[in-house]
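Please walk me through this model.

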Amino acid sequence: MRDLDDLAHRIEKFTDARDWGQFHTPRALALALVGEVGELASELQWKADSELVGGISDNLRVRLADEVADVLIYLIRFSQVCGIDPVAEAHAKVTRNEDRYPVAQSKGSAAKYTDLPDA
């Protein structure tokens with residue numbers, strides 16, 4: 001987790017040095033995050049799953065990596081502004097999902113937890 005803390009500190013320092021915090025409202029950051037996720041999706045939009053089964057080309061991987069970086073940066077900054085610990089919240093969510101999606105009922109199924117068969 002140290003790497004994530006280091007990255008968060010670097011993002012905050014970068015933002016503070018440019019006085020960009022004034023623009024980083026939760027709404028603005030959420031919209032920026034949506035935009036970056038859209039850019040990530042657009043890299044794959046017209047690719048068939050069969051085109052990616054054998055692996056992602058080096059050129060596409062570079063473009064995807066750039067968009068993944070943007071998404072992560074905005075997600076970290078959004079978390080900072082909102083006072084959210086993204087790692088702790090992700091752990092809590094996985095715990096909830098472990099309860100919602102028991103292996104016996106959900107293995108190999110894409111059903112939402114509310115539609116899983118009873119045990």
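This is a predicted model: local features need pLDDT of at least 70, side-chain atom pairs count only at pLDDT 80 or more; totals for chains, interfaces and linings use all residues.

Begin with the charges. The structure holds two salt bridges. One joins aspartate 6 to arginine 2, with the closest N and O atoms 3.1 Å apart. Both residues belong to helix α1 (residues 2-17). They are four residues apart, about one turn of the helix. Arginine 2 is exposed, at 57% relative accessible area. Aspartate 6 is partly exposed, at 37%.

Another salt bridge links glutamate 43 and arginine 63, at 2.6 Å from N to O. Glutamate 43 is in helix α2 (residues 26-44) and arginine 63 is in helix α4, so this pair ties together parts that are 20 residues apart in sequence. Glutamate 43 has 19% relative accessibility and counts as buried, because the cut-off for buried is under 20%. Arginine 63 is partly exposed, with 29%.

Helix α4 (residues 58-82) also carries arginine 77. This residue is buried yet has no salt bridge. Its nearest side chain of opposite charge is glutamate 12, 4.6 Å away. The side chain of arginine 77 does make a polar contact with the side chain of glutamine 80, at 3.1 Å.

Now the rings. The structure holds two aromatic pairs. Phenylalanine 14 and tryptophan 20 have ring centres 5.4 Å apart and planes at 75°, so they meet edge-to-face. Phenylalanine 14 is partly exposed, at 39% relative accessible area. Tryptophan 20 is partly exposed too, at 36%. Arginine 18 lies over the face of phenylalanine 14, 3.7 Å from the ring centre. The charged end of arginine 18 also sits over the ring of tryptophan 20, 6.0 Å from its centre.

Tyrosine 101 and tyrosine 113 form an edge-to-face pair as well, at 5.8 Å centre to centre and 80° between the planes. Tyrosine 101 is in the loop between α5 and α6 (103-106), and tyrosine 113 is in the segment after α6, so the pair ties together parts 12 residues apart in sequence. Tyrosine 101 is partly exposed, at 29%, and tyrosine 113 is partly exposed, at 32%.

Finish with helix α5 (residues 86-100). This helix has 15 residues and reaches 20 Å from its first C-alpha to its last, close to the 21 Å expected. Aspartate 85 caps the N-terminal end of α5. A side-chain oxygen of aspartate 85 lies 3.1 Å from the backbone nitrogen of valine 87.

Methods. Residues are numbered from 1 along each chain as its sequence is written. Side-chain values use heavy atoms; hydrogens and water are left out. Helices (H or I, at least four residues) and strands (E, at least two) are DSSP runs, numbered from the N terminus. The expected span of a helix is 1.5 Å times one less than its number of residues. A polar contact is a pair of N or O atoms within 3.5 Å; within protein, one must be able to donate a hydrogen and the other to accept it, and residues adjacent in sequence count only if both atoms are side-chain atoms. Rings of Phe, Tyr and Trp (its six-membered ring) pair if their centres lie within 6.5 Å; planes under 30 degrees apart count as stacked, over 60 as edge-to-face and the rest as tilted. Buried means under 20% relative accessible area, exposed over 50%, partly exposed in between (1.4 Å probe, protein chains only). A charge sits over a ring if NZ of Lys or CZ of Arg is within 6 Å of the ring centre and within 35 degrees of the ring normal. Lys and Arg count as positive and Asp and Glu as negative; His and the chain ends are not counted. A salt bridge is a side-chain nitrogen of Lys or Arg within 4 Å of a carboxyl oxygen of Asp or Glu.
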